[in-house]
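Here are my notes on the model, as numbered points. Please read them with the structure open.

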Amino acid sequence: MFISAQTQRQLIWLSVALSVIFSIGYVMTGFFPPPRPLLGADAVAELYRSDNLQLRVGVVLCLLSGSFLMLWGIVVSGQMARVEKGLPLWAITQALSGAMGALIFTLPLLYVGVAAFSPARPPEVTLLMHELAFLTLITPVTFFPFQALPVAMLSLSAANRSAQHSPFPRWLGFFTLWMLAAAEFGSAAMIFKQGPFAWNGFFTFWLPLSMYGIWYTLLSYLMFKAIRAQEQDGMA
């Protein structure tokens, strides 16, 4: 095993705790769910003037906890490296993508914080920062596919079928591909300003968020279960 069972559990629990703090911070901003993309500059500026201090405190919590995915990805990669034969390229790809993907959780909230920092500025400038924040949050699908795809490929591989105490059952591979397909709808928010493909729509916000939450929870549970079995096997 590349890292101790205790360290792996600590990293997963730290990731879970940070994800909870991030969620609380995001709700505190008042932007869950995201406001309608068709709001005008004056209406958007009013969102940032109302409860401005609470909004900025929420942003601070998000910036402090936005790296939760990176910590979690380290443990996922360690477990993947147990299964892969030879150089663990899928594990390396997942780790690098998880580290880069953490930016997708921090940059949008940083832009929200900038928009809220000077609420007296011209509304058109606030609108620009607001649109940059939510398009950055919803539309980039650059890094995340290369974090999820390695998990799917390893789950469906022959090496995984013969591995002991693997946290990647075959059904997880199919679920990951399904979740990954749902996440790709996010880029459509760059085109649509209303309807199910807008940045607050079903296919671009609610479906990917729900699928990701289930995937994150399932894989966390599977890793806890596998780590316990690996630890008991090592003791035996």
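1. Arg9 and Glu231 form a salt bridge in this predicted model. Their closest N and O atoms lie 3.2 Å apart. The pair joins distant parts of the chain. Arg9 sits in helix H1 (residues 5-28), while Glu231 belongs to helix H10 (residues 202-235). The two are 222 residues apart.

2. The structure holds two salt bridges. Glu46 and Arg49 form another, with 3.5 Å between the closest N and O atoms. Both residues are in helix H2 (residues 41-49). They are three residues apart, so about one helical turn separates them.

3. Accessibility for this pair: Glu46 is partly exposed at 42%. Arg49 is partly exposed too, with a relative accessible area of 39%.

4. Now the packing of H4 and H5. How do the axes of helix H4 (residues 68-83) and helix H5 (residues 89-117) cross? They come within 8 Å and cross at roughly 175 degrees. Angles over 145 degrees count as roughly antiparallel, so H4 is roughly antiparallel to H5.

5. Check the side of H4 that meets H5. Residues of H4 in this contact include Phe68, Leu69, Val76 and Met80. From H5, the contact residues include Trp90, Ala91, Gln94 and Phe105. Gly73 in H4 takes part, as do Gly98 and Gly101 in H5. By class, the contact has twelve nonpolar and five polar residues, with no charged ones.

Note on methods. Residues are numbered from 1 along each chain as its sequence is written. This is a predicted model: local features need pLDDT of at least 70, side-chain atom pairs count only at pLDDT 80 or more; totals for chains, interfaces and linings use all residues. Side-chain values use heavy atoms; hydrogens and water are left out. Axes are lines fitted to C-alpha atoms, for helices over the stretch in contact, and angles run from 0 to 180 degrees between N-to-C directions. Helices (H or I, at least four residues) and strands (E, at least two) are DSSP runs, numbered from the N terminus. Angles under 35 degrees count as roughly parallel, over 145 as roughly antiparallel, 65 to 115 as roughly perpendicular and the rest as oblique. Contact means heavy atoms within 4.5 Å. Ala, Val, Leu, Ile, Met, Phe, Trp, Tyr, Cys and Pro count as nonpolar, Asp, Glu, Lys and Arg as charged, and the others, Gly among them, as polar. A salt bridge is a side-chain nitrogen of Lys or Arg within 4 Å of a carboxyl oxygen of Asp or Glu. Buried means under 20% relative accessible area, exposed over 50%, partly exposed in between (1.4 Å probe, protein chains only).
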